[in-house]
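Q: Could you pick out one part of this model and walk me through it up close? I'd like to know what sits against what, and how the pieces around it are put together.

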Amino acid sequence: DQFKRKTYERREAVREKRSKDRAQRREQLAAQRAAEEDELNNVDNFSDEDVDDLNLEQDVEDFLEKLTNEEMDSDDSDDLSEASFDSADLIKEIEADETNQKLRSQVEEHKAELEKLKEADPAFYEFLKENDQELLEFDEDMDEDDEESDEEDEDDEEETKKPKKKAKASPGGVAILTMEMIDELIQNVVDTKSTKALKKLVVAYKSGCHFTEGEEPDEQLPFRVPSSEVFNHLMVTGIAEFPTLFHLVFGIEEEHQTEELEFQKASTKKKAKKKFVRLQTRIMKHERWGKLQSCVKSYLKSTIFLLDQMTDQKIISFILRRVNQNLLVYFACIPHIANKLVRVLNRFWSSSEETNRILAFLALRDLTVLTPYPFIDVVLKASYLTFVKNAKFTNRSTLHNIQFMSNCVVELFGLDFKCSYQHAFSHIRVLAVKLRNAIISKTQEHFSMIHSWQFFHSLNLWTEVLCTYADQVDMQLLVYPLVQVISGAIQLLPVQRYYPYHFLCIRLLLRLGRATSLFIPTLPFMLRILESNEFRKKFKSSTQKPLDWTCTLKVSNGLLHTRVLFDGIVEQLFELLLEHFAVYAYSISFPELAVPTIVTLKKFVKQCKVPEYCKIFKQLVQQLENGSTFIRSHRLKVDFAPKDVEKCDNFLQEKKQQGKHPLIKFYEQQKTYREKNA
């Protein structure tokens, strides 16, 4: 009995512990759900002045600056003093070199006096040799000290024994740069691979980057640029030749040239990434990387500073070409400096001339490929924020630039699909939250946020991403939530004023349906317009020009209820209905899909009093009936049932490749006609 009682107590204790654990888990899940609900409910209102994820509260510049500040260590601050070879150290080094030269000259003089003493008084010289040996062997001791210092400092072993020209010194102790001095240092690096000379070149380059003609030079910089000619020479050599010097010092010049050719010939992105990662690893594992890392940092920061200050497009193009050619691998070795480059590249990508925009994007894309995770997170978020920031206003002149940026962002989202899915999901969720707030609040402020170019271009961007990478499983999961957001935006205000916005959104749904081979119901949005009473009312007269349906979201008051507007509405409906049925023309259920539309169009033709409208839709009804007859005739020949889903999906695939559907032929004719008259 005692044993049974103990066993029972143990079981009860275990059950009690399990029940407590379950209760604790329930509380945690409830708290987590409550936190998520609070997060959804506490989303701030959209403002046209604030640009963030389409919460757009965070500017891209602030985002990158904050990210850079968080990742940078105190030793990597972006002031004029560097970690291990700052300007003050270099000044001390130069002064020490001058002191050593004076000491060596004094030693040589003292040694010459001892030689004279040996010849003049040999007996006294022998006495010193026996009693004060250190006095005579001081030169050997000094040579030993020099050898020890040479072993400690690798740079001293690489210095040549040729006499060097001293830099001219200004009264304040700052050396004055000359073209001969720059060329001599470069030649020294080429001949001896001297890291000491390379560091001096980098500090001189930094001095040039902060040079402003007519202003006093910074006291922290050890070199002063005396004229614009020296500045130009320093900048050209610094941008064009310094990366080659880095390759030379790291011993990768030939390998880099070979791999660059292989990178250009590579047929896949993975191959290119593999080859350049090997080069990046070789640099970081090089024995000199520890000594030269701060030098490389200083050079990269100076180049970013110079690029950020430039306004001349030709100079910007020159720098960007050199960055693309040689420097990206070094930026990839130091990610927090690469973050700063992303900020500058995004600025040129969004606001510079066309050539520089392309160069900036190429640098941004290659840098993303080279730099390890999580750098791609920074690039994807920054590029999306920059795109939305520049999509605030749309017209014929800006539409090309917006489309270019959209294509660039789509390409970036194709570099890593797992990471892209996370970003796309979060941004689409923000759009959904904004739409939900507009549906709940029903205020003009929220309505205007939904019917804005930023919101539409965001929808358009994610549509492009999902259409381009429709074969990726990760991205396919986002089709349904995006379709729901677009459909909700169409149904938010189903009034005549916002028909242009509705038509643009319907085109997004049609593109998604064509790319993903999924059925997306768009007919209700179009047939609802035909069933409204607006076509039965008398049209107002107007002398205004027809709408540009590509660059218009809202109809102006002067065009409402006018014949000009409804002519455009009928034309858009005809085009969209035809495109919708062209997407599903080879579906085995096409006749059933066409029935509601045929019935609605015939009813519209009977009630409409405008002959032109009736003629257009009669033609469409005829084409739909021809398409239905074509499908039925082939459907009678099949030997499978509707439950055979795979065979139904493969129905008329051969005919689809040949394009023999009558509706498709009519659609292609209309498309060609519109392109000619555009």
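A: Let's start at Ser487, which, leaving aside its neighbours within four places in sequence, is in contact (heavy atoms within 4.5 Å) with Leu509 and Phe525. Before going further: this is a predicted model, so local features need pLDDT of at least 70 and side-chain atom pairs count only at pLDDT 80 or more, while totals for chains, interfaces and linings use all residues. Residues are numbered from 1 along each chain as its sequence is written, and side-chain values use heavy atoms, with hydrogens and water left out.

Ser487 sits in helix H24, where helices are DSSP runs of H or I with at least four residues, strands are E runs of at least two, and both are numbered from the N terminus. At 10% relative accessibility Ser487 counts as buried, the cut-offs being under 20% relative accessible area for buried, over 50% for exposed and partly exposed in between, with a 1.4 Å probe and protein chains only. A polar atom of its side chain lies 2.8 Å from the backbone oxygen of Val483. The C-alpha atoms of Ser487 and Thr522 are 8.5 Å apart, though 35 residues separate them along the chain.

Phe525, one of the residues Ser487 touches, takes us to helix H26 (residues 523-531), where the buried residues are Leu523, Phe525, Met526, Leu527, Ile529 and Leu530. What covers them includes H24 (479-492), H25 (499-516), H27, H28 (590-607) and H29 (611-635).

From that cover, follow H27 (563-583) out to H32 (662-677): their axes come within 10 Å and cross at roughly 140°. Axes here are lines fitted to C-alpha atoms, for helices over the stretch in contact, and angles run from 0 to 180 degrees between N-to-C directions. H27 and H32 are therefore oblique to each other, since under 35 degrees counts as roughly parallel, over 145 as roughly antiparallel, 65 to 115 as roughly perpendicular and the rest as oblique. Their crossing is left-handed, meaning that the near helix is turned anticlockwise from the far one by less than a right angle; clockwise would be right-handed. On the H27 side you'll find Phe574, Glu575, Leu578, Glu579, Phe581 and Ala582, and they meet Leu663, Ile664, Phe666, Tyr667, Gln670 and Arg674 of H32. By type, that contact divides into eight nonpolar, one polar and three charged residues (Ala, Val, Leu, Ile, Met, Phe, Trp, Tyr, Cys and Pro are nonpolar, Asp, Glu, Lys and Arg charged, the others, Gly among them, polar).

With 11% relative accessibility, Tyr469 counts as buried. Not counting residues up to four places away, it touches Val410, Glu411, Phe413, Gly414, Phe417 and Met475.

Zooming out, the chain has 32 helices and three strands, and buried residues make up 46% of its 678 residues. Among contacts with a separation of 6 or more, residues 24 or more positions apart account for 74%.

Conventions:
Polar contact = N/O pair within 3.5 Å; in protein donor to acceptor, adjacent residues only side chain to side chain.
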